[in-house]
Amino acid sequence: MEEYIKVLLEQIRCKKAHPMIEEEIRNHIEEQTAANMEAGMAKEQAVREAVLDMGDPVETGVALDGIHRPQIAWDMILLMAVISLISVAIHIVISMGAEEIGAQSQHLYVMRSIEYVGIGFLLMLIVYRLDYSILGKYGKLCAFVFLAGALFFTWNMVTSAQLVIGTSSVNGQSYISMGAMLLSPKNFTFLYVPVYGAVLYQYRKTGWKGIIGALLFLAVPVWFVWHIPCVCAAVQLLVILSVMLTAAVIKDWFLVPKKIFLSMYWGMMLLLPAAITFLAVNGRLFAPYQQMRIQMFLNGNSRESDYIGRMLSEYLAGSRIFGNSEMEMAGHLPNYYSDYILTFLSGYFGIAAACAICILICVIAAKAFRISFGQSNQLGMMIGMGCSLTLFSNTVINVAENFRLLPTTESFLPFFSHNGSGIIVSYILIGFVLSVYRYKNIPVSFHGEPRSLLRVRRKENC
């Protein structure tokens, strides 16, 4: 039996799959040996017959090697490469329209755009090569480290200690300063989404205790983003994590009454907007500049005083379906290269070009959702779903902001905005989705119910 297993495993190139394959082969042989002995065979003969029933070890090993090996989503990687090139090309065009963009020279702006995209693409490939199942083992630890870092940043900002990292404040929001680059911590908070998926996975079968723990791990990052401050991102993160928690409850991870918990939880979530509105009206919740933005958006008579909103409306109204509207944006519309890049694309290339960019991102999000929901592994499904929701929601929010469906706030269009943290986070999230796809056929020891490897092989041979 040992020689048979050794020869079989030599045919399987993926070393990560060896432990589970060996365990199932050994169990199958032992079960068949026991059955043979019950039929009256001697132990030695029973083992020999059980091994013979397994078939040729080389053929069996080659068949299993074809099933349990890393998968590469070449279509996704190729599409990401195309998107990266388009993103850089767009920012090169933007740089030609002004000598200085966002307090940067033309040359520095282009180099920084290439740097953002290059770093993001490289990190995507690195995360794609990593085994996402590591999060399943150390989900809570990763969450504690993540939240500890967030609290340290908050303390660093409040005390102005400037230890280890530099911090600065622009328009009431806090940033991590790295040389001349300013990175938004609220964007990096979206990297907590796959970690939260692993936290939910670790809380499986723990009942109401697990629910309480999951709610605590949900509340802390939302509180952090709210106090950066960034209300829109905090609400967005709350919704994403709540959807993930709901999916875990529906799949019966916690073994609690589903209808009771979900009705209580989403009942409170529906009351939350009313509570926020009440506190906002009484001036007890938002900073003065945030309250002013909300009032400008809700009060139709005061929209003419909203400079950015008025400019967005004018540029979009003057845009053509195809071609340049010849409306000057540089020096007039703030952040036309980042938050309002869709407005720039509409004005410079036409509304059709802006729609094409949105469709490209939606295609990526749709592929990510398909990969996620196509997973038999529950951890991979949860991580992929969270990453897909994050990319899709950021796209929807940025589009809505450009079309004046939401108040103006800091947002980013994944992969395209000249926003270092936004670009890097977007690529890392796609890296997690690619990692889920890569290891979809490779069993790992903590996945709960191991697959029947031999059953898969025999089903294919039928």
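Me: Does Asn377 count as buried or exposed, and at what relative accessibility?
Reply: In this predicted model, Asn377 sits in the loop between helix H16 (351-373) and helix H17 (378-402). Buried means under 20% relative accessible area. Asn377 therefore counts as buried, at a relative accessibility of 7%.

Me: Which backbone nitrogen lies 2.7 Å from a polar atom of the side chain of Asn377?
Reply: The side chain of Asn377 reaches two backbone nitrogens, and the distances tell them apart. The backbone nitrogen of Leu379 is reached at 3.3 Å. The one at 2.7 Å belongs to Gly380.

Me: How is H5 oriented relative to H18?
Reply: Helix H5 (residues 74-95) packs on helix H18 (residues 420-438) at an angle of about 170 degrees, and the axes are 11 Å apart. Angles over 145 degrees count as roughly antiparallel. H5 and H18 are therefore roughly antiparallel.

Me: How many nonpolar residues are there in the contact of H5 with H18?
Reply: From H5, the residues Met76, Ile77, Met80 and Ser84 meet Tyr427, Ile430 and Leu434 of H18. By class, the contact has no charged residues and 1 polar residue. The number of nonpolar residues is 6.

Me: How are H15 and H17 oriented to each other?
Reply: Helix H15 (residues 341-348) and H17 have axes 8 Å apart and pack at an angle of about 60 degrees. Roughly parallel would need an angle under 35 degrees, and roughly perpendicular one of 65 to 115. H15 and H17 are therefore oblique.

Me: How many polar residues does the contact of H15 with H17 have?
Reply: Ile341, Leu342 and Thr343 of H15 meet Asn398, Val399 and Asn402 of H17. No charged residues take part, and 3 residues are nonpolar. The polar residues number 3.

Me: Which backbone oxygen lies 2.9 Å from a polar atom of the side chain of Asn398?
Reply: Asn398, in helix H17, counts as buried because its relative accessibility is 0%. Leaving aside neighbours within four places in sequence, Asn398 is in contact with Asp339, Leu342, Ser411, Phe412 and Leu413. The backbone oxygen at 2.9 Å is that of Asp339.

Me: What kind of aromatic pair do Phe121 and Tyr427 form?
Reply: Phe121 is in helix H6 (residues 106-129) and Tyr427 in helix H18, so the pair links distant parts of the chain, 306 residues apart. Tyr427 counts as buried, at 0% relative accessibility. The ring centres are 6.2 Å apart, with 70 degrees between the planes. Planes over 60 degrees apart make a pair edge-to-face, and the pair of Phe121 and Tyr427 is edge-to-face.

Me: What kind of aromatic pair do Phe369 and Phe373 form?
Reply: Phe369 and Phe373 both lie in helix H16, 4 residues apart, about one turn of the helix. Their rings are 6.0 Å apart centre to centre, with 5 degrees between the planes. Planes under 30 degrees apart count as stacked, and the pair of Phe369 and Phe373 is stacked.

Me: How many aromatic pairs does the structure hold?
Reply: Ring pairs also link Tyr109, Tyr336, Tyr337, Phe344, Tyr348 and Phe349 into a cluster. The structure holds aromatic pairs to the number of 17.

Me: How many of the 11 residues of helix H9 are buried?
Reply: Helix H9 (residues 192-202) is largely enclosed by the rest of the structure, because most of its residues are buried. Among them are Tyr192, Pro194, Gly197 and Tyr201.

Me: Does Ala317 count as buried or exposed?
Reply: Ala317 has its place in helix H14 (residues 307-318). Its relative accessibility is 66%, and exposed means over 50%. Ala317 therefore counts as exposed.

Me: What is the phi of Leu255?
Reply: Most residues other than glycine have a negative phi. Leu255, an exposed residue at 53% relative accessibility, lies in the loop between H11 and H12. It has a positive phi although it is not a glycine, and the value is about 60 degrees.

Note on methods. Residues are numbered from 1 along each chain as its sequence is written. This is a predicted model: local features need pLDDT of at least 70, side-chain atom pairs count only at pLDDT 80 or more; totals for chains, interfaces and linings use all residues. Side-chain values use heavy atoms; hydrogens and water are left out. Helices (H or I, at least four residues) and strands (E, at least two) are DSSP runs, numbered from the N terminus. Buried means under 20% relative accessible area, exposed over 50%, partly exposed in between (1.4 Å probe, protein chains only). A polar contact is a pair of N or O atoms within 3.5 Å; within protein, one must be able to donate a hydrogen and the other to accept it, and residues adjacent in sequence count only if both atoms are side-chain atoms. Axes are lines fitted to C-alpha atoms, for helices over the stretch in contact, and angles run from 0 to 180 degrees between N-to-C directions. Contact means heavy atoms within 4.5 Å. Ala, Val, Leu, Ile, Met, Phe, Trp, Tyr, Cys and Pro count as nonpolar, Asp, Glu, Lys and Arg as charged, and the others, Gly among them, as polar. Rings of Phe, Tyr and Trp (its six-membered ring) pair if their centres lie within 6.5 Å; planes under 30 degrees apart count as stacked, over 60 as edge-to-face and the rest as tilted.
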